[in-house]
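Here are a few notes to go with your first look at this one. Have the model open as you read.

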Amino acid sequence: MDHEDKKAIVVGASSGIGRELALLLGQKGYRVGLTARREDLLYELQKLIPGSIVKKIDVSKADETMEDLEALVAELGGLDLIILSAGTGHLNDDLEWPLELDTIEVNVKGFAASANVAMRYFIDAGKGHLVGISSIAALRGSAAAPAYYASKAFVSNYLQGLRHKAVKLDLPIIITDIQPGLVDTAMAQGEGLFWVQPPKKAAAQIMKAIERKKKHAYVTRRWRIIAWLFKILPDAIYHKMG
């Protein structure tokens with residue numbers, strides 16, 4: 001597939017899935033905008049992706065994120081694809097509000113602000129591809145991490161709403177909801193974890209879903225089994241788990 005002259009932004013490119021996706025995009029000939037809070041890691045990544053642009057963006061600050069993202073699109077000279085991979089989460093059995101708020105600021109407000117900028121640009125351009133990294137966690141609530149699980153439900157539902165808008169506008173704007181299982185990053189917390197996948201493997205499957213313009217994908221594919229169980233499991237049984 002020829003991606004020459006295509007422009008992409010990865011929000012949350014400093015580590016994990018975002019970093020691996022940025023590398024893949026660079027290999028496929030995209031000009032890539034790299035954003036995250038940790039600017040030092042972005043500059044290290046930039047050395048591996050010719051022609052890439054670094055812009056420090058802290059998505060926990062929604063208003064600044066929107067301004068900075070618009071500036072990055074202008075600096076790139078346009079936008080064909082955006083991947084929203086920035087996220088955070090905390091195990092929070094004690095319901096400490098600062099931890100809940102941090103998750104909401106990043107995963108809800110920061111995500112929505114970024115998606116809003118991208119969607120409005122794509123509507124004006126008449127085309128585009130928006131990819132959001134949600135999670136299997138979107139499917140049920142969690143006593144151990146209430147804000148994290150709820151924030152991922154927000155991500156998936158928001159993406160569905162944007163897809164509905166694109167259809168109603170009759171525009172070829174692709175909205176892809178990626179729901180990974182456990183990936184070997186700082187986000188994978190807790191004991192007894194299983195089916196933990198390396199970021200590189202997850203990114204490769206996500207890239208395939210992007211190129212196939214899929215609406216939704218579980219990553220890795222075996223996690224569709226867990227998703228199915230999550231959806232049908234009665235509350236009485238689910239509440240005894242974990």
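1. A word on terms to start: buried means under 20% relative accessible area, exposed means over 50%, and partly exposed is in between (1.4 Å probe, protein chains only). With 0% relative accessibility, Phe 122 therefore counts as buried. Tyr 121 is partly exposed, at 29%.

2. Some housekeeping. This is a predicted model, where local features need pLDDT of at least 70 and side-chain atom pairs count only at pLDDT 80 or more, while totals for chains, interfaces and linings use all residues. Residues are numbered from 1 along each chain as its sequence is written, and side-chain values use heavy atoms, with hydrogens and water left out.

3. How many aromatic pairs does a search of the whole structure find? It finds four. Rings of Phe, Tyr and Trp (its six-membered ring) pair if their centres lie within 6.5 Å; planes under 30 degrees apart count as stacked, over 60 as edge-to-face and the rest as tilted. Tyr 121 and Phe 122 have ring centres 6.1 Å apart and planes at 70 degrees, so they make an edge-to-face pair.

4. Tyr 148 and Tyr 149 are edge-to-face too, because their planes sit at 75 degrees, with ring centres 6.0 Å apart. Tyr 148 is buried at 16% relative accessibility, and Tyr 149 is partly exposed at 22%.

5. Look also at Phe 111, Phe 154 and Tyr 158, which ring pairs link into a cluster.

6. Finally, just after helix α4, Gly 126 has a positive phi of about 85 degrees. Helices here (H or I, at least four residues) and strands (E, at least two) are DSSP runs, numbered from the N terminus.
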